[in-house]
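Before you read the points that follow, please look over the sequence and the model.

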Amino acid sequence: QVVKPVVSVYPAASRGRLEEKSSLLCLASAMFPPVVRISWRRQTECGCLEELPSADGQQLELRESGCTASVLQIYQTKFSYEYSCYVQHEGGTVEALIDTASELQWHPANYFIYF
């Protein structure tokens, strides 16, 4: 029996904050079969959704038994966009949205000092 994935998007902590970058984590789990394709999109100023240009972020995909995760690293200048994680599965496509303007707040307390 085909079971659609449960999809969640979270801001992820990363050392990249020192470089004016932050990360988003998209997690797809509880699906059958356990094969998915994850892609990222963002909402432009005109309200249109566009595939994320490769120059605007770096993506890493991780697979474990029963779940797949995608980590997207984005630059500070791109925080005003809303990002969507799209998970394509045999049971259909599932979307999860994160508003980075409110989720990824830049505040001095968020900076870490590395020696």
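**Notes on covalent and charged links**

1. Arg 42 counts as buried, at 5% relative accessibility, where buried means under 20% relative accessible area, exposed means over 50%, and partly exposed lies in between, as computed with a 1.4 Å probe on protein chains only. Its side chain meets that of Glu 50 in a salt bridge (2.6 Å, N to O), a term that stands for a side-chain nitrogen of Lys or Arg within 4 Å of a carboxyl oxygen of Asp or Glu. Glu 50, for its part, is partly exposed, with 26% relative accessibility.

2. On the basis of these notes, please bear in mind that this is a predicted model, in which local features need pLDDT of at least 70 and side-chain atom pairs count only at pLDDT 80 or more, while totals for chains, interfaces and linings use all residues. Residues are numbered from 1 along each chain as its sequence is written, and side-chain values use heavy atoms, with hydrogens and water left out.

3. How many salt bridges does the count come to? The count is three, and one of them joins the side chains of Arg 41 and Glu 51, at 2.8 Å from N to O. This pair links distant parts of the chain, since Arg 41 lies in strand E3 (residues 37-43) and Glu 51 in strand E4 (residues 49-51), ten residues apart; strands (E, at least two residues) are DSSP runs, numbered from the N terminus. Arg 41 is partly exposed, with a relative accessible area of 24%, and Glu 51 is also partly exposed, at 45%.

4. Glu 61 pairs with Arg 63 in a salt bridge whose closest N and O atoms are 2.5 Å apart. Glu 61 is partly exposed, its relative accessible area being 30%.

5. The structure holds one disulfide, which is defined as a pair of cysteine sulfur atoms within 2.5 Å. Cys 26 and Cys 85 form this link, with their sulfur atoms 1.8 Å apart, and it joins distant parts of the chain, as Cys 26 is in strand E2 (residues 21-29) and Cys 85 is in strand E7 (residues 82-89), 59 residues apart. The link of Cys 26 and Cys 85 is left-handed, with -75° about the S-S bond, and both Cys 26 and Cys 85 are buried.

6. Are Cys 46 and Cys 48 exposed or partly exposed? Cys 46 is exposed, with a relative accessible area of 60%, whereas Cys 48 counts as partly exposed at 42% relative accessibility.

Key
Helix = DSSP H or I, 4+ residues; strand = E, 2+ residues; numbered from the N terminus.
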